[in-house]
Amino acid sequence: MGRRCVLNSWSKEEVRAVIHYEWARGVSGTEIHNHLVEVYAPGVMSKQMVWRWCRTFSDGRQQVEDIPRAGRTRTATTDANVGKVDDMIRANRRITIDEVAEELGISHERAQKILHDILRYRKVSARWVPRQLTSTHQEQRTAVSLEHLVRYHEDGNDSLFRIVTGDETWVHLFTPESKAASMEWKHPSSPFRKKFKTTPSAGKVLLTVFWNAEGVLLLDFLEVGTINATRYCDTLSKLKEAIRKKAAWPSHILRSAVG
């Protein structure tokens with residue numbers, strides 16, 4: 001078996017010709033995409049675009065070159081193209097720049113310019129929220145917020161130091177490095193770096209943290225099997241003592257903060 005090579009440069013016509021050949025052999029779009037990634041590297045073409053070209057060849061298209069467009073101007077940044085890109089984005093919010101460029105027959109740079117500089121689109125992820133709030137939850141949060149505003153108008157900045165916030169999270173004994181943390185600069189001639197998939201350890205503890213306007217007041221670890229009402233009461237006792245030692249607050253403020 002011969003040595004496999006990764007090609008660092010290619011033309012879009014060459015890639016389309018490979019897709020046409022593989023499609024004619026009855027290879028599925030997913031397998032074609034996998035073959036392209038093996039030879040041309042992951043950024044060669046998206047899987048969705050490979051499927052689109054397979055459908056195009058199934059509809060009878062033979063040529064792999066761009067079809068000349070009648071009356072096409074020399075610049076790709078035309079009002080017509082801007083309008084088409086806007087329509088494509090509104091129809092599919094997850095479309096990629098390469099798919100836009102492929103659909104309009106323009107370069108990646110021109111498509112990116114239309115999206116970012118002219119239409120001012122930005123691709124962002126959905127905002128994560130802990131949970132969906134009911135109308136009752138929203139009313140409770142509004143009431144608490146108004147109560148804090150009243151206290152602030154009455155006592156000023158002193159009221160801010162009476163607020164103690166708490167939260168908790170599971171902490172695994174071993175947490176693997178995230179994919180984002182492992183990113184590094186790579187030259188086209190450098191070999192691909194492999195990262196083996198690992199999972200967090202099964203062993204974990206519940207971290208409870210309390211803080212105020214001055215910083216962290218208490219870190220308390222609760223082991224699995226010991227988390228109950230009695231253990232939480234013990235944590236609150238530790239918090240009360242931590243506030244007394246660290247902040248040296250007056251007793252009336254201490255009662256107001258901890259209860």
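A salt bridge is a side-chain nitrogen of Lys or Arg within 4 Å of a carboxyl oxygen of Asp or Glu.

Some ground rules. This is a predicted model, where local features need pLDDT of at least 70, side-chain atom pairs count only at pLDDT 80 or more, and totals for chains, interfaces and linings use all residues. Residues are numbered from 1 along each chain as its sequence is written, and side-chain values use heavy atoms, with hydrogens and water left out.

How many salt bridges does the structure hold? There are 12. Let's visit some.

Start with arginine 16 and glutamate 102. Their side chains meet in a salt bridge, at 2.6 Å from N to O. Arginine 16 sits in helix 1 (residues 12-24) and glutamate 102 in helix 5, so this pair ties together parts that are 86 residues apart in sequence. By helix I mean a DSSP run of H or I, at least four residues, numbered from the N terminus. Is arginine 16 buried or exposed? Arginine 16 counts as buried, because its relative accessibility is 1%. The cut-offs: buried is under 20% relative accessible area, exposed is over 50%, and partly exposed is in between, with a 1.4 Å probe and protein chains only.

Stay in helix 5, which spans residues 97-104 and holds alanine 101. Alanine 101 is buried too, at 6% relative accessibility. Which residues does alanine 101 touch, leaving out those up to four places away in sequence? They are Ile106, Ser107, His108 and Ala111. Contact here means heavy atoms within 4.5 Å. Now look at glutamine 112. Alanine 101 and glutamine 112 are 11 residues apart in sequence, and their C-alpha atoms are 8.5 Å apart in space.

Next, helix 4, residues 79-91. Arginine 90 and aspartate 86 both lie there, 4 residues apart, about one turn of the helix. Their side chains form a salt bridge, 3.2 Å from N to O. Arginine 90 is exposed, because its relative accessible area is 54%. Aspartate 86 counts as buried, at 17% relative accessibility.

Then there is aspartate 155 with arginine 162. The closest N and O atoms of this salt bridge are 3.2 Å apart. Aspartate 155 is partly exposed, at 31% relative accessible area. Arginine 162 also counts as partly exposed, at 23%.

Last stop. Which residues are linked in a network of salt bridges? Asp220, Arg231, Asp234 and Lys238 are. Find them on the structure above.

Definitions and conventions:
Helices (H or I, at least four residues) and strands (E, at least two) are DSSP runs, numbered from the N terminus.
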